[in-house]
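Morning, everyone. Please look at the sequence and the model on the screen, and then we will walk through them together.

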Amino acid sequence: VSTQSTWDRLIGLLRSNRLIMPLKGIPRLLSPDLLKALAEMGHGDELVIADANFPSASIAEAKSGTRLIRLDGHTGTDVADAILRLFPLDQYVDQPAAVMKRVSADEVRRLPVPIWDEYQKLLDQHNGSRVSVEQVERFEFYERAKKAFAVIATGEKALYANLILKKGVIPSN
């Protein structure tokens with residue numbers, strides 16, 4: 001039996017709830033599909049945590065190979081917190097995280113985006129130091145998301161709650 005078919009059977013059992021396989025230190029909201037995607041990502045690959053308004057399915061379908069992972073029952077901050085417990089941010093780029101910039105009309109009226117502060121706090125906490133976060137124009141964000149390794153659709157209702165994380169490396173020492 002090949003390793004791949006064994007993995008596929010295990011994923012099938014987990015999805016059907018016929019096998020519960022708790023692991024120490026792994027947040028329960030990280031699904032088997034998401035854990036597999038995180039493990040398969042390489043240095044420089046990007047992951048999108050998308051809010052409920054983001055066109056997750058169409059973005060993921062735009063490029064063959066971009067995975068769509070549904071975590072609709074969870075907030076963006078809960079998902080980011082769980083992922084960042086396991087996920088090293090890219091230490092070789094100036095901005096290993098990005099949010100979708102407010103559109104012009106929202107910039108003019110200075111629409112507050114409190115979730116950015118929540119993301120910043122989580123990024124800094126899990127990284128152990130201040131993380132510089134890029135603001136990306138809406139349509140540029142969509143194009144970048146199409147190239148991502150995976151798009152995670154959350155149930156986050158906050159506006160501008162889309163976050164891109166770039167995977168780093170774990171040093172050998």
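Let's start with one side chain: does Arg144 count as buried or exposed? Arg144 counts as buried, at 19% relative accessibility. Buried here means under 20% relative accessible area, exposed means over 50%, and partly exposed is in between, with a 1.4 Å probe and protein chains only.

Some ground rules. This is a predicted model: local features need pLDDT of at least 70, side-chain atom pairs count only at pLDDT 80 or more, and totals for chains, interfaces and linings use all residues. Residues are numbered from 1 along each chain as its sequence is written, and side-chain values use heavy atoms, with hydrogens and water left out.

Back to Arg144. Who is its partner? Glu134 forms a salt bridge with Arg144, and their closest N and O atoms are 3.0 Å apart. The rule for a salt bridge is a side-chain nitrogen of Lys or Arg within 4 Å of a carboxyl oxygen of Asp or Glu. Glu134 sits in strand β4 and Arg144 in helix α7, so this pair ties together parts that are ten residues apart in sequence. A word on those labels: helices (H or I, at least four residues) and strands (E, at least two) are DSSP runs, numbered from the N terminus. Glu134 is partly exposed, with a relative accessible area of 25%. The pair also belongs to something wider. Salt bridges with shared partners join Glu46, Glu134, Arg144 and Lys166 into one network.

How many salt bridges does the rule give? The count comes to eleven. One of them joins the side chains of Arg70 and Asp72, at 2.8 Å from N to O. Arg70 is partly exposed, at 47% relative accessible area. Asp72 is partly exposed too, at 40%. Another salt bridge links Asp81 and Arg85, with the closest N and O atoms 3.0 Å apart. Asp81 is buried, with a relative accessible area of 18%.

Now stay on helix α7. Which of its residues are buried? They are Phe141, Tyr142, Arg144 and Ala145. These cover an arc of only 165° around the axis, which puts them on the same side of α7. That arc is taken over the directions from the helix axis to the C-beta atoms. What do they pack against? The buried residues of α7 pack against β1, α3, β3 (97-100), β4 (133-136), β5 (150-154) and β6 (163-166). Contact here means heavy atoms within 4.5 Å. Look at the start of α7 as well. There, a side-chain oxygen of Glu137 reaches to within 3.0 Å of the backbone nitrogen of Phe139.

Next, the aromatic rings. Rings of Phe, Tyr and Trp (its six-membered ring) pair if their centres lie within 6.5 Å; planes under 30 degrees apart count as stacked, over 60 as edge-to-face and the rest as tilted. By this rule there are three aromatic pairs. Take Phe54 and Phe141: their ring centres are 6.0 Å apart and their planes are at 80°, so the pair is edge-to-face. Phe54 lies in the loop between β1 (46-50) and α3 (56-62), and Phe141 in helix α7 (residues 138-146), so the pair ties together parts that are 87 residues apart in sequence. Both Phe54 and Phe141 are buried. Now Phe139 and Tyr142: centres 5.7 Å apart, planes at 80°, so this pair is edge-to-face. Phe139 and Tyr142 are three residues apart in helix α7, about one helical turn. Tyr142 is buried, at 15% relative accessible area. Ring pairs link Phe54, Phe139, Phe141 and Tyr142 into a cluster.

Move to helix α4 (residues 76-84). Eight of its nine residues are buried, so α4 is largely enclosed by the rest of the structure. Among the buried ones are Gly76, Val79, Asp81 and Leu84. The cover over the buried residues of α4 includes α2 (32-40), β1, β2 (67-71), α6 (114-127), β5 and β6.

Last stop, β1. Five of its five residues are buried. Glu46, Val48 and Ala50 point one way, and Leu47 and Ile49 the other way. How does β1 pair with β6? They pair in the antiparallel sense, over four bridges. Two strands pair if DSSP finds at least two bridges between them. Ile49 has Leu163 as its bridge partner in β6. Four bridges also join β1 to β5, and those two run parallel. There, Ala50 has Ala153 of β5 as its bridge partner.

How values were computed. Polar contact = N/O pair within 3.5 Å; in protein donor to acceptor, adjacent residues only side chain to side chain.
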